[in-house]
Amino acid sequence: MTDPANNATTTALASEAPLLEDIRLLGRLLGDVIREQEGAATYELVEQIRQLSVAFRRDEDAAVESRLKTLLESLSAAQASSVIRAFTYFSHLANLAEDRHHVRRRMLHESQGTLHEAGLAHSFQRLRQAGVPDPAITGMLAQAHLSPVLTAHPTEVQRQSILQAERAIARLLVQRDACRAEGAAALAANEAQIRVRVLQLWHTRLLRFSKLTVHDEIENALGYYHATFLREIPRLYAAVEAELPGEDVGDFLRMGHWMGGDRDGNPNVSAQTLAEALCLQADVVLRHYLTEVHRLGGELSMSGLLVPPTPAMQALAEASPDTSPHRADEPYRRALIGIYARLAATLKQLAQGDAARHAVEPQDPYSDAQAFLDELKIIADALAASSLQALAGERLQALMRAVRVFGFHLATVDLRQSSDQHEAVVAELLKVAGVEADYAGLDEARRCELLVRLLREPRPLRVPLAAYSDWTSAELAIFETARQLRQRYGADAIRHCIISHTESVSDLLEVLLLQKEVGLMRGVLEPGAGGKGTAMAELIVVPLFETIADLRQAADIMQAFYAIPGVPELVRASGGVQDIMLGYSDSNKDGGIFTSNWELYRSEVALARFFDSPVVRGEDGAAPRIRMRLFHGRGGTVGRGGGPSYQAILAQPPGTVRGQLRLTEQGEVIGAKYANPEIGRRNLETLVAATLEATLLPPAQAVPPEFLAMAEAISEAAMRAYRTLVYETPGFADYFFAATPLREITQLNIGSRPASRKATQRIEDLRAIPWAFSWGQCRATLPGWYGFGSAVAEMLGDAGDSPVSDKGLLLQKMYRDWPFFATLLSNIDMVLAKSDLALARRYSELVPDAELRQRVFSAIEAEWHRTVAALERITGDRQRLAGNPALARSIRHRFPYIDPLHHLQIELIRRHRAGSTEERLQRGIHIAINGIAAALRNTG
């Protein structure tokens, strides 16, 4: 008899065969390069360490651990550095193989008619099965706004040189699949090319010699446009249009950026970097347009003698400065040469750049992107009129969509600053103007009263020729530059002003006052004004609620803000959208994983309820409704809001998405999602699919009150357990700084922003990103699970309580029927699968205080076991990642190769902290950080 389990295992192994073949190939080629370039001794040393690490992971044998530690302690810094480089490069290569296999399996499933759950086709199928008509889908998309926002990130560790070499290898892996059908010679030639690129990678420096600048961060982000966004986003739109033939689906998907405009805690961001960001972005997008127009000119070679042009097409050709007799009868080419000349002049005007080709001199720059689009539309209409629309196919239609999406600005750059900094600027303006000598000393009510009064007055606050502090002048310059850049690059170039640490209504009013001061707000705040005199703000004032306390009062703050006479009218006149940003990372660092997610959920529900109220809808229904758009500050780790995007969006409270969604993409997650063009498009498709479903599909059922009550109880207990460890355990900060490589991370040249807000070793002052990154590096991954196990044990009475009790059954029902709870538990499960107590224990040995080490690690270890037990009771799965075989496969293949990086990192950190100043030793630590981050893929 055949065992079904064996059949499933056999099938799984067969499906993994191409992946294993690619991993073995890349590993073999890397080994060959190491042997050739570093010598047989280094190669043998790498192999010996790999074998001991695998044995240690498999058996946790004390004798094996002792042999491994003895070997590592005997290595010189140079030897350790070479071994670390080997395993780091292998992690990078394994990522490429996995990415290729992911695309390969997706294509295979689609060819067999299997629809991917997070794909567009599957979502449209679900919508139609639910009876949602196409006009409803089109109408929703016409009003939708979906925007991934790339943010600068102090744990992004990849250099562009590394990414470019890896993209070359990725392209060769794609070609290798085709070579298999061509025979041994083709495979051998392909392997030779991969070997060359692996050799290049081995000799390409992993680390930066200098601190990453804001300019570098901007350039790094723009690399993903060349690789993915400029071409894949129009293809995504084409896929949506194929599902809705003949419909205009609007421009619902746009890109956002923080690089150059996010100055919260970053003194290196200024008005100059903001201007530089838009200049560089314009250069990228205009050069893309120039390339596509040039290629179109080569394709649209029709003679007017054979295909008479429309009058508009003929006029466009006649307006071209191209007078070549060779193209006298080629109206499309003449028109495109004229368009190219105008684009080249626009490039010069907006980005100070020169076009690569010149059939005629650059001249007559476009006033805006719409003028360029209008001329492309003349060409498209002329082709359609001559039944040549097939020639407009992929390139012209994709170019027109790109212009609609990217304009001349490429992506919307957000401004962000901390509320206390806005407060300081307003305080100085008021003091110098003689309005209020001690604004900071006013209570909230008096602040709001003063700010509203000033917003109702047309006069500015600044006193001519008065001397203001450098800080105030620099902050005002940001807003003044934003106004100028909007005029230069278009209104979508800068649209949002995000207020970090929003704690009161005055934080919002201060930003409105600063906008008024520089001309970004026109008119005055006038209660009930229906037309003339109504204020209009060019930038959306976006509160960012970050801590647990902030999330709990978010809806109250927004309600008080909109209760100010004139504010609803101002928002309507300014576009009718209220963005609200929710912070995942700081709330997690504040209250732990479960409480963070629960308070985010509660906050969203309360905000949605308020934005359904008559104040926002309009008392008589005559006023346009103000739309709430939530901006999710998600990071890479689960502790910072990471995890699968599709499930995360569907797990949002019912009625909170509504076709409006912004979310941050950060750090190494940007590379994991968007470095590969095919995977990048699939990830964007996932966002669109989930937004469609979350907006248009009714929830299966209302969330039962008993679910909400249990979640609240778990949250209280989980936060208590988390804060007991992190904020109330004496010496915990000392343990954290010693048992993780945080000190070494802060020495890496991996971000323009400091790791801590203040020069202290207080957990409260540490930024949430390096907090999570450090726990990932030591494989404790504490921010992604701590507190949940204690909370569940408390709910069930004691550690031995059966899950068949009433509360146990309720928890199981919550897991089955509530997407929020199921997704959160799935993410905790993923974090636990990526944790490793044996490795975390080895890092704890770096803590010099033995009593502190034992006390804190014992607490972490006990909670880890409680959390594993809690998941088993609720889900019924004794194995981690039972519902995520792809990630389980990834862990199975790569973790034995990450372990040596951890062991070596620990040894080198021990030497470094003991006083060694050898440069190779420090470099080895930093390369190990790079390799571990690359291998785990969502550690920061």
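**Buried helices, cores and loops in a predicted model**

Student: Which residues of α32 are buried?
Tutor: The model is predicted. Helix α32 spans residues 768-777 and is mostly covered, with 10 of its 10 residues buried. The buried residues of α32 are Ala768, Ile769, Pro770, Trp771, Ala772, Phe773, Ser774, Trp775, Gly776 and Gln777.

Student: Which residue with a positive phi follows α32?
Tutor: The loop between α32 and α33 (788-795) holds a residue that has a positive phi of about 65° although it is not a glycine. The residue that follows α32 with this phi is Arg779.

Student: Is Arg779 buried or exposed?
Tutor: A residue counts as buried when its relative accessible area is under 20%. For Arg779 the relative accessible area is 0%, so Arg779 is buried.

Student: Is Ser387 buried or exposed?
Tutor: Ser387 also is not a glycine, and its phi is positive, at about 60°. Ser387 is found in the loop between α13 (369-385) and α14 (389-392). The cut-off for exposed is over 50% relative accessible area. With a relative accessible area of 63%, Ser387 is therefore exposed.

Student: Which residues have the most contacts inside the largest nonpolar core?
Tutor: In soluble globular proteins, nonpolar side chains tend to be buried together. The largest nonpolar core here has 164 residues. Helix α10 (residues 271-299) gives the most to this core, with 14 residues. Those with the most contacts inside the core are Tyr225, Tyr289, Phe372 and Phe406.

Student: How many residues are in the second, separate core?
Tutor: This second core includes Leu45, Leu201, Phe707 and Ala870. The number of residues in this separate core is 127.

Student: Which residues does Phe372 touch, not counting residues up to four places away in sequence?
Tutor: Phe372 is one of the residues with the most contacts inside the largest nonpolar core. Not counting residues up to four places away in sequence, Phe372 touches Tyr289, Val293, Ile339, Leu343, Tyr366, Leu399, Val403 and Phe408.

Student: With which residues is Thr346 in contact, leaving aside its neighbours within four places in sequence?
Tutor: Thr346 lies in helix α12 (residues 331-351). Thr346 has a relative accessible area of 0%, so Thr346 counts as buried. Leaving aside its neighbours within four places in sequence, Thr346 is in contact with Leu286, Ala351, Pro365, Tyr366 and Phe408.

Student: What separates the C-alpha atoms of Ser596 and Ser585?
Tutor: Ser596 lies in helix α24 (residues 593-610), and at 2% relative accessibility Ser596 counts as buried. Not counting residues up to four places away in sequence, Ser596 touches Ile548, Leu551, Tyr584, Ser587 and Asn588. Ser585 is 11 residues from Ser596 along the chain, and their C-alpha atoms are separated by 8.4 Å.

Student: What radius of gyration does the chain have?
Tutor: The C-alpha trace spans about 85 × 75 × 60 Å along its principal axes. A compact globule of 940 residues would have a radius of gyration near 30 Å, and the chain agrees with this because its own value is 29 Å.

Student: How many Å apart do the centres of the positive and negative side chains lie?
Tutor: The accessible surface of the chain comes to about 35800 Å², of which carbon and sulfur atoms hold 53%. The chain carries 102 positive and 114 negative side chains. The centres of these two sets lie apart by 3 Å.

Conventions
Residues numbered from 1 in each chain as written. Predicted model: local features only at pLDDT ≥ 70, side-chain atom pairs only at ≥ 80, totals over all residues. Heavy atoms only, no water. Rg over C-alpha atoms; globule rule 2.2 N^0.38 Å. Areas by Shrake-Rupley, 256 points an atom, 1.4 Å probe, with all protein chains shown as cover. Lys, Arg positive; Asp, Glu negative; His and termini not counted. Charge placed at Lys NZ, Arg CZ, Asp CG, Glu CD. Helix = DSSP H or I, 4+ residues; strand = E, 2+ residues; numbered from the N terminus. Buried < 20%, exposed > 50% of the residue type's maximum accessible area, 1.4 Å probe, protein only. Contact = heavy atoms within 4.5 Å. Core = buried A, V, L, I, M, F, W, Y, C linked by side-chain atoms within 4.5 Å.
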